[in-house]
Amino acid sequence: MSNLNCGGAEKSLISLLQTIDYDLYNVDLQLFKNEGLFLKQVSHNVTILPPLDEYKYFDMSISKALKECFFKGRFDIIYNRIVAGYIFKTEKNKSRSEQRVWQYISRCIKKSDKKYDVALGFLEKSPVYYCVEKLNATKKIGFIHNDYEKLEMDKTIDNAYFEKLDFIVTDSDECKTVLINNFPKYKEKIKILFNIVSPSLINKLADETIDSLPLGINIVSIGRLDIQKGYDLAIDAFKIVKESGENFNWIILGEGAEKPKLLKQIADNNLEDHISFLGIKENHYPYVKQATIFLQTSRFEGKSIAIDEAKILNKPILVTNFSTVNDQIKNNASGIVVEMDPQSIANGIINLINNEKVRDELSSNLSKENFGTEQEIAKLYHLINE
């Protein structure tokens with residue numbers, strides 16, 4: 001995995017590592033950079049390997065990287081970092097940029113000397129590529145934690161890696177269908193492993209004490225500040241909500257590159273008194289538990305762990321109609337699904353703000369379900385031993 005910064009795939013990995021039977025398996029964790037909010041949550045049974053030292057030069061400013069590499073005599077890294085810098089600057093699609101840059105990172109990273117029974121590349125792009133190219137393992141499994149088509153990846157690049165994987169694992173029925181449509185020749189090795197979530201642990205963590213949220217209607221969203229999450233759509237929607245006369249607090253837990261743009265958009269719409277960024281919280285569950293409404297306005301997702309967690313905490317959920325939403329939400333039963341535009345989002349928010357009965361019904365429906373997926377670990381054991 002690249003790192004353990006806050007994100008759905010990272011959280012999924014932590015849950016998996018907390019669930020594995022360590023009487024059966026010895027586990028090493030290779031991070032490109034040993035950093036992130038979830039690092040301290042890694043099971044003590046896991047051996048965290050030293051980070052990939054050369055990788056850091058592709059994740060810092062080019063001037064700093066070239067200076068450090070010059071004094072170390074790493075002229076191979078200097079050349080590859082310059083080429084990578086050109087790709088970073090000219091390739092507008094973030095996913096394709098990461099795909100294209102990998103070959104230059106790869107030239108600078110040594111292969112692992114250790115022999116493994118199984119290696120897991122736990123996220124699309126670089127972690128999968130590292131798994132295929134740099135690890136010596138009897139079996140290799142790659143994970144895709146997103147709607148592949150929405151990432152607009154270069155299929156030609158991935159095809160070369162997918163061919164060398166024993167299994168390609170994704171986290172929802174719709175994501176599996178998308179992968180099969182794009183890579184039909186790998187149909188038989190595309191499998192589903194749902195993200196592991198533990199209701200008992202989530203409910204326990206949700207009872208921890210935090211500063212109380214403001215009085216009134218509190219709407220909470222969780223996720224990195226990225227165009228994928230649709231926060232810009234939500235801000236436009238909240239402008240409409242405010243103009244309708246509603247009072248509310250929208251609380252966002254997350255960080256990301258889009259924050260300056262979002263802050264400007266909030267200021268331009270005079271919403272500073274209604275919207276607040278609380279950053280990344282190691283334990284965000286108490287905020288969700290205290291929320292009136294859980295809001296997710298994503299443009300696309302794989303299988304959202306944040307939604308699964310909100311369901312476990314029985315929160316009224318409002319989500320946009322992204323391609324995989326029906327894998328998680330049944331409209332008007334386990335949540336409210338609205339179209340992906342500000343007016344539809346605003347209408348849904350206004351409806352939930354003013355209709356406590358609907359909120360109670362949604363919460364009641366969720367309270368009758370069992371959303372635990374701890375048993376998913378058995379599917380991984382099956383793939384390992386197949």
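Predicted model: local features only at pLDDT ≥ 70, side-chain atom pairs only at ≥ 80, totals over all residues.

Q: At roughly what angle do the axes of helix α3 (residues 75-90) and helix α4 (residues 94-106) cross?
A: Two packed helices are described by the angle between their axes and the distance between the axes. Here the axes of α3 and α4 come within 9 Å. The crossing angle is roughly 170°.

Q: Which residues of α4 meet α3, and how do the residues of the contact divide by class?
A: From α3, the residues involved are Asn 80, Val 83, Ala 84, Ile 87 and Phe 88. On the α4 side they meet Ser 97, Arg 100, Val 101 and Tyr 104. Sorted by class, the contact of α3 with α4 comes out at six nonpolar, two polar and one charged residues.

Q: How are helix α14 (residues 342-354) and helix α15 (residues 356-367) oriented to each other?
A: Their axes come within 5 Å and cross at roughly 95°. An angle from 65 to 115 degrees counts as roughly perpendicular. So α14 and α15 are roughly perpendicular.

Q: What classes of residue make up the contact of α14 with α15?
A: α14 brings Leu 352, Ile 353 and Asn 354 to the contact. α15 brings Glu 356, Val 358, Arg 359 and Leu 362. That divides into four nonpolar, one polar and two charged.

Q: Where do the buried residues of helix α11 (residues 259-268) sit around its axis?
A: The buried residues of α11 are Leu 262, Gln 265 and Ile 266. They cover an arc of only 100° around the axis, which means they lie on the same side of α11.

Q: Which exposed residues does α11 carry on the face turned away from its buried side?
A: The buried residues of α11 are covered by elements including α10 (231-243) and β9 (275-277). The face turned away from that buried side is another story: there you'll find exposed Pro 260, Lys 261, Lys 264 and Asp 268.

Q: How many residues apart are Lys 11 and Glu 309?
A: These two form a salt bridge, with the closest N and O atoms 3.2 Å apart. Lys 11 is in helix α1 (residues 8-19) and Glu 309 is in helix α13 (residues 305-312), so the pair links distant parts of the chain, 298 residues apart.

Q: Are Lys 11 and Glu 309 buried or exposed?
A: Buried means under 20% relative accessible area. Lys 11 comes in at 10%, and Glu 309 at 3%. Lys 11 is therefore buried, and Glu 309 also counts as buried.

Q: What is the N to O distance in the salt bridge of Lys 56 and Asp 53?
A: Lys 56 is partly exposed, with a relative accessible area of 27%. Asp 53 is partly exposed too, at 40%. Their side chains meet in a salt bridge, N to O, at 3.2 Å.

Q: Which residue does Lys 259 pair with in a salt bridge?
A: Lys 259 is partly exposed, at 23% relative accessible area. Its partner counts as partly exposed at 34%, and the N to O distance is 3.7 Å. The partner is Glu 255.

Key:
Residues numbered from 1 in each chain as written. Heavy atoms only, no water. Axes fitted to C-alpha atoms, helices over the stretch in contact; angles between N-to-C directions. Helix = DSSP H or I, 4+ residues; strand = E, 2+ residues; numbered from the N terminus. Parallel < 35°, antiparallel > 145°, perpendicular 65-115°, else oblique. Contact = heavy atoms within 4.5 Å. Nonpolar A, V, L, I, M, F, W, Y, C, P; charged D, E, K, R; others polar. Buried < 20%, exposed > 50% of the residue type's maximum accessible area, 1.4 Å probe, protein only. Arc of directions from axis to C-beta. Salt bridge = Lys/Arg side-chain N within 4 Å of Asp/Glu carboxyl O.
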